[in-house]
Amino acid sequence: MIWGIFKRDMCHATRNVIAVIVSMGLVVVPALYAWFNIAASWDPYGNTKALKVAVANNDKGYKSNLIPVRVNVGETIISTLHANDQLDWQFVKSDKAIDGVKSGEYYAAIVIPKGFSADMMTLFSPDIKHAQLKYYLNEKINPIAPHITDQGATTVVNTIDKTFAKTIAQVGLDLASSILHYSQSPQMAEYMRNLNGNLTTMADTLSGASQQVTSYSQLLGSANDIVDSTGKLLASATKAGKQAQNALKQGKSGATSLTSAGANVTSSVNTALDQVSGAFDQVAAKVNKAFDAIGKGSDTAASQLTALSEQVSSGESLYDTYITSLNHMRESVEQLPDSDSAKQALLEAIDREITLLEAAKGDSQKLAQQLKDASTQVTQDTAAAERSRKEILNRITSAKQSISNVRDDYATNVKPKIDALASTVSTLISQTDSMITQLSGTADGLDDMTGDVGTNVTSIRSTLGAIAKKLDSSAATVKELITKLETGGNAGDGNSDGGDGDNDADSGESDELRALATANASTLSTLISAPVALHRVSVYPIANYGSAMAPFYTILSIWVGAIILCAMLKVTISDREKAHVLGLGDTLPRIAGPSGPGNASRWGLRLDHEYFGRYAIFALLALLQGTLVCLGDTYFLGVQANHALQFLAVGWLAALVFSNIVYTLTVSFGDIGKAVAVVLLVMQVAGSGGTFPIETLPKFFQMLYPFLPFPHAIDAMHAAMAGSYGNEYLLDMVYLSLFLIPSLLLGLVLRKPVIRLNNWVSRNLESTKVM
């Protein structure tokens, strides 16, 4: 039955020329639809050179002291665009460019403002401005043109970025090269030698200043010792006076007051020596009284003499302290530079002072011994005691003379020199003069004064020590700088004498810098401006844009072909054709009832026979449509097809599936089914992912995507063209085949209950004589 229906349909389709032409047209029209669209979109982005884009340059350029090269980015852009053929660049004035965009003469316009270069160079100033191009775009002319011209504008921006980076890099490299060449010139070498000489002199000066400050600090320390010794000597003299008064029971309660305190350390020393001299006078008076008392009480006189002897002996340590202080002072003076004219004179004065002090000390020792000897003689022999009195008095006179010599020599020789070298210390000591009003208060006043002087001197010495350390550190820094300059100079000369690793490393770095600076600045600046090159690795490459769009337009044309078949061919079989197939003549018996599907089933022509019998010619013409469009894609247009047989198989399967779906909808619902087929076509054009990635479409289309046949057919055709990942091709072919199941289910089973309803709708539409 199926074969019978198909055979009669083929005879009718080839009965006359018009039928053959129409049949051929049904096969060719879908192919033409695909080929025109594929050819039109073969290389659209390769033909953008006809799009007119205006460029206007108002840039005034930029030049500064920082970069002594005139920079005009606008001119560079114009030069670059002259060699660019991506778009039809029109170089005009800014007014014409803007007016041309408004009138439609230009698709877009790029205007470079006056301060473009200056704004770009604010990169080197605190107030950075973002350089901006003015981009005018006419978006109403064409929906795709704005995207193409945007790409052209992006090309201009990228060119500017690279040009700017290249210019800055080239200026920097040229500057580094000039500096390196100048550093190797004879003038630079002479400058370096002079610099090293000046730095060496500076380092020596700093070291000498440090030593000078250290010496003055030590001298102040020695002066501080003298102040302490002077205070002790005055205290001892006062104590000696008090002890003598107590021993002789004279009832004097205080020491002889000082007439005035000296203005400095020298006056304090003189006062102390005067007091010592006066103390010896008192001792002499007490000695006379002691000897006068021999007749009245020898034991009392002896004890008094013994006490005087011990008193004189206790003052000897003060001479030692004073001598030690002078020795310390002498050591400090020796630290002074030999060029100091006062150094030798002061040393000689100190030596004389020490000699005189030692002589005075010897007289005191002899006086003490004679007093001790006299204390034993007064009890034994009166004549011997009288001789002892004379010797003791002579010894006291000698001791006083020694003290006088010390004072005179100190005032004549030492005092002026100490005043000159330690005026600060002298001034501090002189402040104690007003405090000394009597001998009994001398020790306490001097203790307070010497304590303050010691604190001040200690503070001064600490400050001088810090200054000396700073000077030493500065001298070391200068010497280190000299060493580095000498090392750098040797490295720059390229000398290699087998030095240490550091010098080798420095030399290596210098060689690398020299190699960098002497290289081609243009090549290096180009590398810096575009350090990364994109190496594109195509996975499943497609030859061109037309090939990439071929699956979408091919599958779309096969669906359009199925709709055309249903529009031009009848999907139902007339009762006359059924009678001829059954061999019943020209008409079915009256008992068959109204004309319609399944009315000849009692004679063996079932509903499925009618369905497949009439679909056979639809399937044949659909296969011819699929074959023609796929072969034309491959061999006429040159669409890429790495697996041509698989590509053709996708076309065949798509033709069968699409024709069956459209045929079933038309058989089941008549003209309404054709309308549903068109609606499905529109939905699949938008939601198949053939033009834009499905991920970029609205959520509704993303959810609908798996339930449409287009996506699976397009993916299978892509796999046949460029290669399949795993079983990708086979899976897509299976998914596409699965759409036959609901289509056949609708055509063979689900349409039976609505056949009468569909016939009634069809009769009513035909009764309008319009539909």
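Predicted model: local features only at pLDDT ≥ 70, side-chain atom pairs only at ≥ 80, totals over all residues.
Reader: What percentage of the residues count as buried?
Author: A residue is buried when its relative accessible area is under 20%. Applied to the 771 residues of the protein, that cut-off gives a buried share of 42%.

Reader: How much accessible surface does the protein have, and what part belongs to carbon and sulfur atoms?
Author: The accessible surface of the protein is about 40300 Å². The part that belongs to carbon and sulfur atoms is 57%.

Reader: Among contacts between residues at least 6 apart in sequence, what share joins residues at least 24 apart?
Author: Take the contacts in the protein that link residues at least 6 apart in sequence. Those joining residues at least 24 apart make up 77%.

Reader: Which word describes how helix 1 and helix 19 lie to each other: parallel, antiparallel, perpendicular or oblique?
Author: Helix 1 covers residues 2–13, and helix 19 covers residues 607–636. Their axes come within 8 Å and cross at roughly 40°. Angles under 35 degrees count as roughly parallel, and 65 to 115 as roughly perpendicular. Helix 1 and helix 19 are therefore oblique.

Reader: Which residues of helix 1 meet helix 19, and what is the hand of the crossing?
Author: From helix 1 come Ile2, Ile5, Phe6, Asp9, Met10 and Ala13. They face a set in helix 19 including Phe612, Arg614, Ile617 and Leu620. By class, the residues of this contact are nine nonpolar, two polar and three charged. The hand of the crossing is right-handed.

Reader: How many nonpolar residues are in the contact of helix 19 with helix 20?
Author: Helix 20 spans residues 644–669, and its axis comes within 8 Å of that of helix 19, at roughly 145°. The crossing is right-handed. The contact has seven polar and three charged residues. Its nonpolar residues number 16.

Reader: Why do helix 23 and helix 24 count as roughly antiparallel?
Author: Helix 23 is residues 709–722, and helix 24 is residues 728–737. Their axes are 8 Å apart. Angles over 145 degrees count as roughly antiparallel. The pair is therefore roughly antiparallel, with an angle of about 150°.

Reader: Which classes of residue make up the contact of helix 23 with helix 24?
Author: The crossing of this pair is left-handed. Helix 23 brings residues including His712, Asp715, Ala716 and Ala720. Among those from helix 24 are Tyr729, Asp732, Met733 and Leu736. By class, the contact has nine nonpolar, one polar and three charged residues.

Reader: Is Ser557 buried or exposed?
Author: Ser557 lies in helix 17, residues 545–568. Beyond its neighbours within four places in sequence, Ser557 is in contact with Pro30, Tyr33, Ala34 and Val629. Its relative accessible area is 0%. Under 20% means buried, so Ser557 is buried.

Reader: Where does Tyr540 lie, and what is its phi?
Author: Tyr540 sits in the loop between helix 16 (521–529) and helix 17. Its relative accessibility is 37%, so Tyr540 counts as partly exposed. Tyr540 is a residue other than glycine, yet its phi is positive, near 55°.

Reader: Which residues does Asn758 touch, not counting those up to four places away in sequence?
Author: Asn758 lies in helix 26, residues 755–767. Asn758 counts as buried, at 15% relative accessibility. Val667 is 91 residues away in sequence, but 9.3 Å away in space, C-alpha to C-alpha. The residues touched are Val667, Ser668, Phe669 and Gly670.

Reader: How far apart in space are Leu704 and Gln684, C-alpha to C-alpha?
Author: Leu704 is found in helix 22, residues 699–704. Leu704 has a relative accessible area of 18%, so it is buried. In sequence, Leu704 and Gln684 are 20 residues apart. In space, C-alpha to C-alpha, the distance is 9.4 Å.

Reader: Is Asn394 buried or exposed?
Author: Asn394 is found in helix 12, residues 382–421. Ala284 is 110 residues away in sequence and 9.6 Å away in space, C-alpha to C-alpha. The relative accessibility of Asn394 is 53%. Over 50% means exposed, so Asn394 counts as exposed.

Terms used: Residues numbered from 1 in each chain as written. Heavy atoms only, no water. Buried < 20%, exposed > 50% of the residue type's maximum accessible area, 1.4 Å probe, protein only. Contact = heavy atoms within 4.5 Å. Areas by Shrake-Rupley, 256 points an atom, 1.4 Å probe, with all protein chains shown as cover. Axes fitted to C-alpha atoms, helices over the stretch in contact; angles between N-to-C directions. Helix = DSSP H or I, 4+ residues; strand = E, 2+ residues; numbered from the N terminus. Left-handed = near helix turned anticlockwise from the far one by under 90°. Nonpolar A, V, L, I, M, F, W, Y, C, P; charged D, E, K, R; others polar.
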